[in-house]
Amino acid sequence: MAVRRKTTAPAPSPPPPKAETPLPPPPSEDQPLRPPKLGLVLAALVAFTVPYLYLIYFHYEIESDLRRSIAINAAMSVGGFVVVVRLIPVAAKYVLRRNLFGFDINKKGTPEGNIRVPESLGIVVGVVFLVIAILFQHFNFTADSNWLVEYNAALASICFMLLLGFVDDVLDIPWRVKLLLPSFAGLPLLMAYAGHTTIIIPKPLIPYIGSAVLDLGWIYKLYMGMLAVFCTNSINIHAGLNGLEVGQTVVIAAAVLIHNVMQIGASTDPEYKQAHAFSIYLVQPFLATSMALFSYNWYPSSVFVGDTYTYFAGMSLAVVGILGHFSETLLLFFLPQVLNFLYSLPQLLKIIPCPRHRLPRYDPKTGLLTGTKDGTLVNLFLRLFGSCSEKTLCIKLLVFQALSCLFCFWLRHVLAGWYK
């Protein structure tokens, strides 16, 4: 977690030091980053890729053209992974020179707590992702494609949110304004959305409503806008540990990819298949570039992702859920974020005092974190399971995220045919 140094309001200069006690030299602007944890990241990618490819090429009968598009997109995503790994050290030097850095609060009182950590490195992931997504249009869409307008609108919304996130990192926008930013960023998608605005009524409720399908019209678009606001801010407030912001996003993105492949394999509707393929084309480069950032952000973190990444990640996942027509499933994947949001509401609504950083208490003597009374899932885990190191706590939270996604798959399987 970063304590951000602001450049807009510099502190007054201290009195000149005495001659016998000269000031220490300032830290180097070109301080080297810790090397990326590529071994951990590549092992995780292999563990996910093997079952993922098995589903695409062996378990399900998927059309050859669709497999070809997925393979091209995956190859471009691998290239994006390499580019992000190479660019992050370069970008880190520039943000340090512009005083965009933070100090790790969870290491305060130790030598690592005094290291300037480059901030807002999510901008690298966002830019590389957008370049891959734009170039991919050449291989998959024609000029008269029905999906091209929505695809470009999705990229416009993601780009807009990436920009607003970076602006927030630089200007430190108040919370009440942050809640509104995704609403503006989602406008291009909502204006270009040409899909259905109907929902399938759960079978137990059909006798009471009198219809199996209900057209919500503008209410459905309002719901999509609210989903974008929730996804973006829920990732932003479930944070505070090295690797947590990127880690939770990676787990959700992996679950979304598996869900898309399962739906394509089980469906015979061409339009339904294309909607889920559309989601895959965006999630694959998103996952690959995020994993590259994760290699630098995992404990001990070499860089901080900033609001730039959390806003970008939330909008990207909201877009694929909306245009892939699985927003209900997406919310189930976001179960930890939903719980964290509900638990945080009393503080977010100022019913009880809300400090700027709702972080655990760090003991530099033991190196352990202790939960505070602040309403976050991070503190709740510490109060329930006891004090532990930052790395162990982050692993527990990511395991909970993965179990939540597995619960979503199990729930869909149990309710299939009875609920919908």
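This is a predicted model: local features need pLDDT of at least 70, side-chain atom pairs count only at pLDDT 80 or more; totals for chains, interfaces and linings use all residues.

Student: OK, how many cavities of 30 Å³ or more does the structure hold?

Tutor: There are two of them. The largest cavity has about 50 Å³ of space in it.

Student: Which residues line the largest cavity?

Tutor: The lining is made up of R34, D104, K107, E112, I115, V117, N242, P300 and S301. Sorted by class, that gives four charged, three nonpolar and two polar residues.

Student: Switching to helices: at what angle do helix 14 and helix 15 pack?

Tutor: The angle is about 90°, and the axes are 9 Å apart. Helix 14 is therefore roughly perpendicular to helix 15. Helix 14 covers residues 335–348 and helix 15 covers residues 377–385.

Student: And which residues make the contact?

Tutor: Helix 14 brings P336, N340 and Y343, while helix 15 brings L377, L380 and R383. Of these residues, four are nonpolar, one is polar and one is charged.

Student: What about L330, buried or exposed?

Tutor: Buried, because its relative accessibility is 0%. L330 sits in helix 13 (residues 327–333).

Student: What does L330 touch, leaving out residues up to four places away in sequence?

Tutor: L330 has contacts with L227, C231, V256, L317, A318 and G321.

Student: Last topic, backbone angles. What is phi of D172 near?

Tutor: Phi of D172 is near 60°, which is a positive value in a residue other than glycine. You'll find D172 in the loop between helix 4 (148–171) and helix 5 (175–178). D172 counts as buried because its relative accessible area is 17%, under the 20% cut-off.

Student: And H325, where is that found?

Tutor: In the loop between helix 12 and helix 13. H325 has a phi near 60°, again a positive value in a residue other than glycine. With 26% relative accessibility, H325 counts as partly exposed.

Note on methods
Residues are numbered from 1 along each chain as its sequence is written. Side-chain values use heavy atoms; hydrogens and water are left out. On a 1 Å grid over the protein atoms alone, a cavity is a set of points where a 1.4 Å probe fits but cannot get out, and a pocket is an open set with protein on both sides within 12 Å along at least five of seven lines; lining residues have an atom within 4 Å of a point. Grid points are joined across faces, edges and corners, and a volume is the space filled by probe spheres set on the points. Ala, Val, Leu, Ile, Met, Phe, Trp, Tyr, Cys and Pro count as nonpolar, Asp, Glu, Lys and Arg as charged, and the others, Gly among them, as polar. Helices (H or I, at least four residues) and strands (E, at least two) are DSSP runs, numbered from the N terminus. Buried means under 20% relative accessible area, exposed over 50%, partly exposed in between (1.4 Å probe, protein chains only). Contact means heavy atoms within 4.5 Å. Axes are lines fitted to C-alpha atoms, for helices over the stretch in contact, and angles run from 0 to 180 degrees between N-to-C directions. Angles under 35 degrees count as roughly parallel, over 145 as roughly antiparallel, 65 to 115 as roughly perpendicular and the rest as oblique.
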